[in-house]
Amino acid sequence: MTATKPYSTDPSELGFDPEALRQKYAFERDRRIRKEGFGQYRDAKGKLEDYMIDHYAKPIEREPLTDEVEFAIIGGGYGGLLAGARLREVGVESIRVIDRAGDFGGTWYWNRYPGAQCDIEAYVYMPLLDELNYVPTERYAHAPELLEHSINIAKHYDLYRDTCFQTEVTEIEWDDNSKRWIIHTNRGDAMKAQYIAMANGPLTRPKLPGIPGIEKFKGHTFHTSRWDYDYTGGSPDGGMDKLNDKRVGIIGTGATAIQCIPHLGEDAKHLYVFQRTPSSVDARHNAPTDPEWKAKLKPGWHKRRVVNFNETLGGGYADDDMVGDGWTDIFRNVGGIVTGNVDELTEEQKDEVFELADFKKMQEIRDRAETIVEDKETADKLKAYYRQFCKRPCFHDEYLQTYNRPSVTLVDTEGQGVDEITEKGVVVQGVEYEVDCLIFSTGFEVGTSYTRQSGYDLIGKNGTRLSEKWADGLRTHHGLTTHDFPNCFVLGFTQTGVTPNATHMLDEQASQMAYIVSEARKRGAQVVEATQEAEDEWCATCDSYGDKTERMLAQCTPGYYNNEGGKANKNGFISGQYGGGAVKFFQILKEWREAGNLQGLDIS
Ligand code: NDP
């Protein structure tokens with residue numbers, strides 16, 4: 001124990017050497033940095049357009065629409081559903097949800113790959129459980145239940161009425177004479193709406209690696225978010241019998257791959273997993289919902305648990321860790337390292353303690369790989385050397401075990417990625433692996449501008465384009481409204497208080513939006529718009545937190561959290577968010593509502 005610190009940094013006491021780990025993490029990071037950054041990826045366009053095919057919906061035909069609704073919501077995922085639900089609760093009758101998908105569900109509409117599951121506890125992740133009087137069937141829900149819940153929310157709040165599915169918004173413009181938005185789509189629509197809410201979601205456009213030869217592959221191929229069950233057979237529960245005689249390759253080992261690889265390993269004749277960076281894979285411990293626990297739940301249980309989870313992740317404000325899983329573990333570790341009160345540490349000491357807690361957690365996860373994977377060389381390749389929140393932490397009870405199957409080969413690329421794709425397969429370090437089917441588990445476009453990701457631009461007052469206004473980063477009031485774009489709300493990662501439980505954040509945003517709309521109605525107002533001053537003030541608040549998180553992430557192995565290696569990027573995933581954290585952010589919104597004067601909004 002050092003004299004000045006109420007915690008130890010001694011390797012023999014800690015069971016790991018912090019300095020050696022710092023060096024190893026830096027080595028692993030440096031060898032993965034690519035000068036092209038995001039430029040290494042390709043959009044699923046042109047010759048790669050087939051990767052966008054919707055395998056789940058029957059194409060529909062309809063006449064273009066020019067009618068009017070009070071509220072148009074772009075996006076029918078949990079964000080759009082929460083927006084619709086909270087608006088219904090304040091009496092908004094005329095709502096139209098528009099989505100390129102064939103139904104509600106958003107990410108759970110698209111991601112139907114076998115084993116798809118939410119890695120945040122369903123009792124806090126699934127929204128509106130109190131309202132729908134629903135208790136998930138298992139602790140970590142699988143995609144079909146998450147999709148079904150989306151549909152149930154839509155039915156409960158009567159949101160199917162007026163929906164436009166299989167419809168892509170191409171541009172939205174404000175008509176200042178009629179004080180209406182005009183929504184243009186790929187179906188020739190020019191619908192009108194008094195208000196719009198953009199709930200597009202942050203990870204929606206599949207991205208592909210720019211591997212030389214990607215167009216040449218002659219076998220079958222698809223992206224995980226467009227799973228082709230016609231080809232594989234089976235369902236999200238697995239049982240892909242059509243793969244029994246197929247050699248399958250999968251590129252990517254992120255949160256998605258972790259979940260589908262166990263099924264592919266079970267069903268394919270042979271599976272090759274092409275890995276650039278291993279994920280950290282902790283134990284899942286999923287379980288069916290205990291009927292006795294369920295019977296004891298009191299009204300309001302869901303909200304209480306959601307808040308508790310957020311407070312625990314937000315720095316241990318909650319006395320009791322109700323969820324108590326791998327997400328909150330690291331925060332419990334902090335308590336175990338310090339003798340005395342964490343609050344009494346200096347900021348520098350807090351950072352160090354948090355780093356030590358992280359080292360401890362990651363060491364446990366690496367040890368887990370060694371315990372489960374029989375072949376030592378393979379186990380070593382599956383060990384993640386970076387801080388836990390550098391990438392999405394993963395949890396699975398069958399993933400590592402899959403590598404004990406003789407029919408599964410891990411092809412580790414030593415951080416360099418796949419070299420080439422040929423007509424027959426995949427080349428790594430001069431070896432060609434022939435496959436019948438090649439699956440891309442390479443994630444979604446992140447780090448490009450908001451309007452590129454959403455696929456449409458907004459033209460606000462005085463011809464102001466959102467793409468231009470936000471060219472140097474997001475500018476909003478409370479992450480929800482933006483000057484020159486009246487009656488427009490933005491839901492998502494937009495100068496907001498970020499929490500891993502995205503549905504909680506979306507619900508707070510949706511509730512805030514519903515409050516504003518109902519107050520505007522009470523005041524007989526037709527138009528609500530953020531003032532320039534309020535927007536400037538909120539941007540200054542966000543800036544005032546500096547770039548502490550970004551500096552921490554810059555030390556991370558490359559990925560979308562750190563702009564593929566820590567380069568400053570005004571459109572980065574976490575760039576410009578409110579740095580005070582979700583707990584404080586939700587409190588700010590609450591106090592703003594309680595003040596009751598709609599400060600910062602022009603209403604007319
Ligand atoms: P990711 O972007 O997380 O992963 C992409 C994978 O592709 C990485 O392993 C990446 O390696 C790899 N890759 C990219 N280019 C190459 C290349 N040239 N050669 C080899 N490998 C390559 O996408 P996911 O779809 O896995 O996950 C996206 C996000 O979706 C997650 O971060 C999470 O937020 C969310 N998600 C949530 C789930 C949930 O339970 N709630 C479940 C699944 C996903 P590298 O790491 O080296 O870049």
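Trainee: What should I know before I start?

Mentor: The model is predicted: local features need pLDDT of at least 70, side-chain atom pairs count only at pLDDT 80 or more, and totals for chains, interfaces and linings use all residues. Residues are numbered from 1 along each chain as its sequence is written, and side-chain values use heavy atoms, with hydrogens and water left out.

Trainee: Into which domains is the protein divided?

Mentor: Domain bounds come from an automatic or database domain assignment. Here, domain 1 covers 68–205 + 446–545 + 580–603, while domain 2 covers 206–279 + 391–440. Their C-alpha centres are 34 Å apart.

Trainee: How do I read the interface, and how much area do domain 1 and domain 2 bury between them?

Mentor: The size of an interface is often given as the accessible area lost when the parts come together. Buried area is the accessible area (1.4 Å probe) that two parts lose on being put together, summed over both. For domain 1 and domain 2 this comes to about 1400 Å², with 51% of it on carbon and sulfur atoms. Tyr-113, Pro-114 and Asp-119 supply 45% of what domain 1 buries against domain 2, more than any other three residues. Counting contacts (heavy atoms within 4.5 Å), 14 residues of domain 1 touch 18 residues of domain 2.

Trainee: How many cavities of 30 Å³ or more does the structure hold?

Mentor: On a 1 Å grid over the protein atoms alone, a cavity is a set of points where a 1.4 Å probe fits but cannot get out; a pocket is an open set with protein on both sides within 12 Å along at least five of seven lines, and lining residues have an atom within 4 Å of a point. Grid points are joined across faces, edges and corners, and a volume is the space filled by probe spheres set on the points. There are 2 such cavities here. The largest holds about 60 Å³, and residues lining it include Ser-279, Ile-365 and Leu-400.

Trainee: And what lines the second largest cavity?

Mentor: That one has about 30 Å³ of space, and its lining is Asp-119, Ala-255, Ile-258, Gln-259, Pro-393, Cys-394 and Phe-395. Helices (H or I, at least four residues) and strands (E, at least two) are DSSP runs, numbered from the N terminus; α9 gives the most to this lining, with 3 residues.

Trainee: Where is Glu-352 placed, and what does its side chain contact?

Mentor: Glu-352 sits in helix α13 (residues 347–372). A polar contact is a pair of N or O atoms within 3.5 Å; within protein, one must be able to donate a hydrogen and the other to accept it, and residues adjacent in sequence count only if both atoms are side-chain atoms. The Glu-352 side chain makes one with the side chain of Lys-5, at 3.0 Å.
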